[in-house]
Amino acid sequence: MASRPFRVRMSEALAEAFEKDLKKAGYGPRKKGVWVGEALHQLERTDPQLRRCGVGDELDSPRSRSLGITLEREDFSLLQSLVLRFRQGSPLVEGVRALVVRSAIRNRIRFSSKTSSS
């Protein structure tokens, strides 16, 4: 059972890197949510305190692309718990859900480019 879709704004460059990595992983456009869900789990494993979450986010502009993402229910609840975890350390930050999703996407792309280049 999937959650309801939501939209995340990002730069053209990040959107293109995301779509390229999605294809490379063998996922079609309808599997975006699965890829993002896996990216969220990877972010939680590699950065459980979310210390790097949002690092470089200010460079991700202008955010001219809006991607619709539908997560599986368990991935969506992971996202919600990551958002709460992030808010504990940074209660005043706006747009935390999109920030966490963009961070997870960047994190996964970085990992996959490391593994494919070595």
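Trainee: Which residues of helix 2 are buried?
Mentor: This is a predicted model. Buried means under 20% relative accessible area. In helix 2, the buried residues are K32, G33, W35, V36, G37, A39, L40, Q42 and L43.

Trainee: What does L40 contact, leaving aside its neighbours within four places in sequence?
Mentor: L40 belongs to the largest nonpolar core, which has 30 residues. L40 is one of the members that touch the most others, along with V36, L79, V100 and I105. Outside its sequence neighbours, L40 is in contact with L71, D75, L78, L79, L82, V100 and A104.

Trainee: How far apart are the end C-alpha atoms of helix 2?
Mentor: Helix 2 has 15 residues. At 1.5 Å a residue, they should span 21 Å. The model agrees, with the end C-alpha atoms apart by 21 Å.

Trainee: Is R108 buried or exposed?
Mentor: R108 lies in helix 4. Its contacts include D21, W35 and Q42. The cut-off for buried is under 20%. At 12% relative accessibility, R108 counts as buried.

Trainee: Which helix holds both D21 and K24?
Mentor: Their side chains meet in a salt bridge, 3.8 Å from N to O. D21 counts as buried at 7% relative accessibility, while K24 counts as exposed at 51%. They sit three residues apart, about one turn, and both lie in helix 1.

Trainee: Which residues are linked with R102 in a network of salt bridges?
Mentor: R102 meets D60 in a salt bridge of 3.7 Å, N to O. R102 lies in helix 4 and D60 in the loop between helix 2 and strand 2, so the pair ties together parts 42 residues apart in sequence. The network links R102 with D57, D60, R63 and R106.

Conventions: Residues are numbered from 1 along each chain as its sequence is written. This is a predicted model: local features need pLDDT of at least 70, side-chain atom pairs count only at pLDDT 80 or more; totals for chains, interfaces and linings use all residues. Side-chain values use heavy atoms; hydrogens and water are left out. A nonpolar core is a set of buried Ala, Val, Leu, Ile, Met, Phe, Trp, Tyr and Cys residues joined through side-chain atoms within 4.5 Å. Buried means under 20% relative accessible area, exposed over 50%, partly exposed in between (1.4 Å probe, protein chains only). Contact means heavy atoms within 4.5 Å. Helices (H or I, at least four residues) and strands (E, at least two) are DSSP runs, numbered from the N terminus. The expected span of a helix is 1.5 Å times one less than its number of residues. A salt bridge is a side-chain nitrogen of Lys or Arg within 4 Å of a carboxyl oxygen of Asp or Glu.
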